[in-house]
Amino acid sequence: MKNASSQRILVLDFGSQYAQLIARRVREQHVYCEIVRHDVTPEQIRSHGPSGIILSGGPSSVYETESPKCDPGIFEMGLPVLGICYGMQLVCDHLGGKVDSTTTREYGRATCTLTGEDPFLKDFPETAEVWMSHGDQVQSVSDVFTPLAATDTCPVAAIKHNDLPVYGLQFHPEVTHSPQGHILLRNFLYEICGCDGTWKLSNFAAETIEKIKQQVGDARVICGLSGGVDSSVVAALLSKAIGEQLTCILVDNGLLRKNESAVVVEQFTDHFKSDLHVVQGQDLFLDALSGVTDPQEKRRRIGHTFIECFKAEADKVDDAQFLAQGTLYPDVIESGAAKDGPAATIKLHHNVGGLPEELGFDLIEPLRDLFKDEVRALGVELGLPEHLVWRHPFPGPGLAVRCLGEVTEQKLVVLREADAIVIEEIEKAGLYRETSQLFAVLLPVQSVGVMGDARTYENALVIRCVNTDDFMTADWSRLPYDVLATMSTRIINEVSGVNRVCYDISSKPPATIEWE
Ligand code: XMP
């Protein structure tokens, strides 16, 4: 998608866990950025019209024959190039330098001292803390390079080529552990690539709305609504673009949180002047889940039933030509640009709730260039309420994967009540925005308790609360004891069927966020 400023940076992905973070950091400097496979050809690069290229890090060693390489032709395009970590090692490997694994390997925090001068270093302090994350280092460079910085054990921590606009950093400027790293990225973008930093989300909203209008013309668009931030932002963009030509479909699968369907309908009618169809699918989903205990089978059946319900409702909408979906950039990278690339083995998430291509609609995916935090910012920009924009993510299969074992209506009632209490209490404590995901899990385990004079034998319930940036790794939230105590007391007193509450203190990995 072209943006107001057509300036853009391409990140070539060599399998770094940080490739997306680099792209985000570039966009934070108001320069548009995309991630592409590491082996793009110079022609493909030219077709994007970038102002510069960043070679990401990666876990490989350049001296191994199988390691991912870039087309050497990219160094002759006249475009500025910044190699980060493995990217710098590649630069040296191609243009003159010796890379080797190091015995005095520096991994983690290091102190970097400047040894040269260049516009790339403008405003960067003489010494700065930086983050190293590779077993290899450039040991020496030929005299086509000028070293710009060193650490105690790394003589060439930053370099520039003497004739080409090519730079390299052994450390990672994109991570927060390199607190001044953003200065180097900014210098690369503004001083070296000549970007003017005019990319903004507000341009993005206006341009996307315009683009949708042109793409859709007089046709009708269908949009699946889940109550989450992504589908709400898609609906907001479409509603602004085409108003009454939009039909939203909400499938109530009976696996939603307490009052969720009613809240979504209320928010929708408050904010949008478009058509909303609510499919009452609760019984169909419960039937489909009857007797099923295997988590993946639950997901499969829920996904299947969702498609069935959605399709039946979509068929009732006359002249629908387009289907709008809230696909985000990380999904695109997973399934497209970097597919089969070096990072392909890192699984992102279970894709339930997606709709198959066979539905026969033309797709509109207005968020496919954005990261989650950008989608939230866009939601605010479009006037969506803060509590909607900042909602914790909720999985497509909903409460079914939090109701361990077979899902029954009775278990869902218990879980829904307990879940509502934990959310209510975290909000009261003012901690909702400080945590990433919070929910209750109903265990198929009974334990003995005592209530009044009577002995009870009822279910155990778990509270799960995590903090995470990307949901690929997560740590359990250190919630205050008194907040946990209130949650526990309220659940045991108010939710019949639960006599024991536990708090999950496992991080991911090795545990996952959901229990199933
Ligand atoms: P895990 O449990 O894999 O979850 O650590 C990571 C994130 O993904 C969400 N999740 C799902 N989302 N369909 C979804 O749409 C699913 O089947 C699914 N399973 C897990 C989970 O809630 C967390 O945010």
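Two strands pair if DSSP finds at least two bridges between them. Strands are DSSP runs of E with at least two residues, numbered from the N terminus. This is a predicted model: local features need pLDDT of at least 70, side-chain atom pairs count only at pLDDT 80 or more, and totals for chains, interfaces and linings use all residues. Residues are numbered from 1 along each chain as its sequence is written, and side-chain values use heavy atoms, with hydrogens and water left out.

**Strands around E18**

Strand E18 (residues 454-467) pairs with E19 (residues 475-476) in the antiparallel sense, over 2 bridges. There, Val-466 faces Trp-476. E17 (residues 437-451) also runs antiparallel to E18, joined by 12 bridges. Gly-449 stands opposite Thr-456 in this pair. The two strands form a hairpin with 2 residues between them, and Gly-452 in the turn has a positive phi of about 60 degrees. E20 (residues 498-503) pairs with E18 in the parallel sense, over 5 bridges. Val-462 stands opposite Cys-502 of E20.

**Ligand site**

The ligand is surrounded by 12 residues (a heavy atom within 4 Å). Arg-299, Gln-437, Lys-508, Ile-513 and Glu-514 are the closest. Polar contacts are pairs of N or O atoms within 3.5 Å.

| Residue | Protein atom | Distance |
|---|---|---|
| Lys-508 | side-chain N or O | 2.6 Å |
| Ile-513 | polar backbone atom | 2.7 Å |
| Glu-514 | polar side-chain atom | 2.5 Å |

Taken alone, the ligand exposes 490 Å², and the protein buries 90% of that. Areas come from the Shrake-Rupley method with a 1.4 Å probe.

Methods:
Helix = DSSP H or I, 4+ residues; strand = E, 2+ residues; numbered from the N terminus. Polar contact = N/O pair within 3.5 Å; in protein donor to acceptor, adjacent residues only side chain to side chain.
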